[in-house]
Amino acid sequence: MRNTWDFYSTERIVFGNGAIGQLDSILQRLKAKNILLVTDPGIKNAGIVDRISSLLEHANYETVIYDQVVPEPPVDSAMDCYEFAKSQMDIDAVIGLGGGSSIDMAKIVALLVAHGGHPLDYYGGENQVPGPIAPLVAIPTTAGTGSEVTSVAVLTDVENNLKVGISDNYLRPTVALLDPELTLGLPAYVTACSGIDALSHAIEAYTAKPSAYIQAEGNILFQGSIPISDALAYRAIELIAKNLPIAVQQGSNLEARSNMLMGSLLAGMSFSNAGTAAAHALAYPIGGLVKSPHGEVTGLLLPYVMEYNAAVETEKMVRISQAFYVNSDGLSDKEAALAASKAVLTLLGEIGLPTKLTEIGIKEEDIPEIAEKTLQIDRLIRNNPRMPTQHSLEELLRKAL
């Protein structure tokens, strides 16, 4: 039994419409003048890079822009970004602008600026980063990953067709700068995929096995459900349940966009301490078989995992159904718990995302291998409130098929 828990987050969070105007004062506090801006072509084409770079230019910062980040970036691209920046100037601070991939890339480059080497030098278990990374400002343009406050950066090892996660509390950005106005141009499909990913983070963190009963030794990052993560996760669930359909259907609704960005932030703060569980564990091997975005896969799996866990985590599932305004009059606790998974299934339909694995290309014959690989992802599986087995995961997957 684990007797203690701890809680980590980003040093500073700045949130609100027009918050990007505080970038200069943030960088002044970091005593930074030579800035590397890491982003992707989509953000550049949307005009957001020009907006940020003009702010930096007006305030007389020397700025190098790397705008070639791709989704699920390969390990080699992080080295390319680092070498490109190093050849231009001595970097004082890094800005990650965009979705999770751009912010994760910025984390890796800030790590290399501080400690050198190669990204794979820091892979192979948690807590491999030797000390603080270079000052990092994370500016999300999607409401989904929560990467602006998390301790993880994910790259793709192309040679081994494997996602490589570097996990350490030193990777948390120095400042998370969240401006809902930057999310207004997000397409409906991207809004849906990123939003359902944030909901998956919140629900899996909220329903994770209590920290005291996590079977792992030493200092672990994903430590199970704790009181602070529970409070953050539940508020995130309330915000996302209410605002995700509006943000998808009314992309210019700034109030819904703001509430989604807040929901994503709170979910990120929660799951980066409590951890995620079976839906995310299942999504990794499935992601190796299909081209669907990570959020789409975790969102599809989420209601089936909730149904699977309902008998063990009944009380919290009942509260989730309340967050979705399910009328539980006349329902038993078990029925109200199961109603939570049905509410998420309904939400997927409302935002136009798939609800069956066949819709994204998974076949019956893939199921045993998916279950087998999922059980090997111990840091997520140990978090699940119901202990999965090969047989029970195969049953779950056939329901989702």
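This is a predicted model: local features need pLDDT of at least 70, side-chain atom pairs count only at pLDDT 80 or more; totals for chains, interfaces and linings use all residues.
View 1. The whole structure holds three aromatic pairs. One of them is formed by Y66 and F84, a tilted pair with 6.1 Å from centre to centre and 55° between the planes. This pair links distant parts of the chain, since Y66 belongs to strand 3 (residues 62–66) and F84 to helix 4 (residues 75–88), the two residues being 18 residues apart.

**View 2. The aromatic pair of F222 and F271.** The ring centres of F222 and F271 are 6.4 Å apart and the ring planes meet at 70°, an angle over the 60 degrees required, so the pair is classed as edge-to-face. Here too the pair links distant parts of the chain, 49 residues apart: F222 is in the loop between helix 6 (188–206) and helix 7 (227–249), while F271 is in helix 8 (residues 254–274). Both F222 and F271 are buried.

**View 3. Charged side chains over tyrosine rings.** K316 lies over the face of Y206, at 4.9 Å from the ring centre. In a second case, the charged end of R319 is placed over the ring of Y234, at a distance of 4.0 Å from its centre.

View 4. S321 is located in helix 11 (residues 314–323) and, with a relative accessibility of 1%, counts as buried. Leaving aside residues up to four places away in sequence, S321 touches V326, A336, A339 and A340. Between S321 and H115 there are 206 residues in sequence and 46 Å in space, taken from C-alpha to C-alpha.

View 5. Within helix 3 (residues 48–58), the residues I48, V49, I52, S53 and L56 are buried. Viewed down the helix axis, the buried residues of helix 3 fall within an arc of 120°, and they therefore line one face of the helix. That buried set packs against helix 1 (23–29), strand 2 (34–38), helix 2 (41–45), strand 3 and strand 4 (93–98), whereas E57 and H58, on the other side of helix 3, are exposed. After helix 3 comes N60, which has a positive phi, near 65°.

View 6. Side chains of opposite charge can pair when their charged atoms come close. A search of the whole structure gives ten salt bridges, and one of these joins the side chains of E238 and R235 at 3.2 Å, N to O. E238 and R235 are three residues apart in helix 7, which means that about one helical turn separates them; E238 is partly exposed at 29% relative accessibility, as is R235 at 42%. The side chains of E369 and K373 also meet in a salt bridge, at 2.9 Å, N to O, and these residues lie four residues apart in helix 13 (residues 367–375), about one turn of the helix. E369 is partly exposed, with a relative accessibility of 37%, and K373 is partly exposed at 42%.

View 7. D378 is partly exposed, with a relative accessible area of 44%, but R382, at 11% relative accessibility, counts as buried.

Notes. Residues are numbered from 1 along each chain as its sequence is written. Side-chain values use heavy atoms; hydrogens and water are left out. Rings of Phe, Tyr and Trp (its six-membered ring) pair if their centres lie within 6.5 Å; planes under 30 degrees apart count as stacked, over 60 as edge-to-face and the rest as tilted. Buried means under 20% relative accessible area, exposed over 50%, partly exposed in between (1.4 Å probe, protein chains only). A charge sits over a ring if NZ of Lys or CZ of Arg is within 6 Å of the ring centre and within 35 degrees of the ring normal. Contact means heavy atoms within 4.5 Å. The arc is that of the directions from the helix axis to the C-beta atoms. A salt bridge is a side-chain nitrogen of Lys or Arg within 4 Å of a carboxyl oxygen of Asp or Glu.
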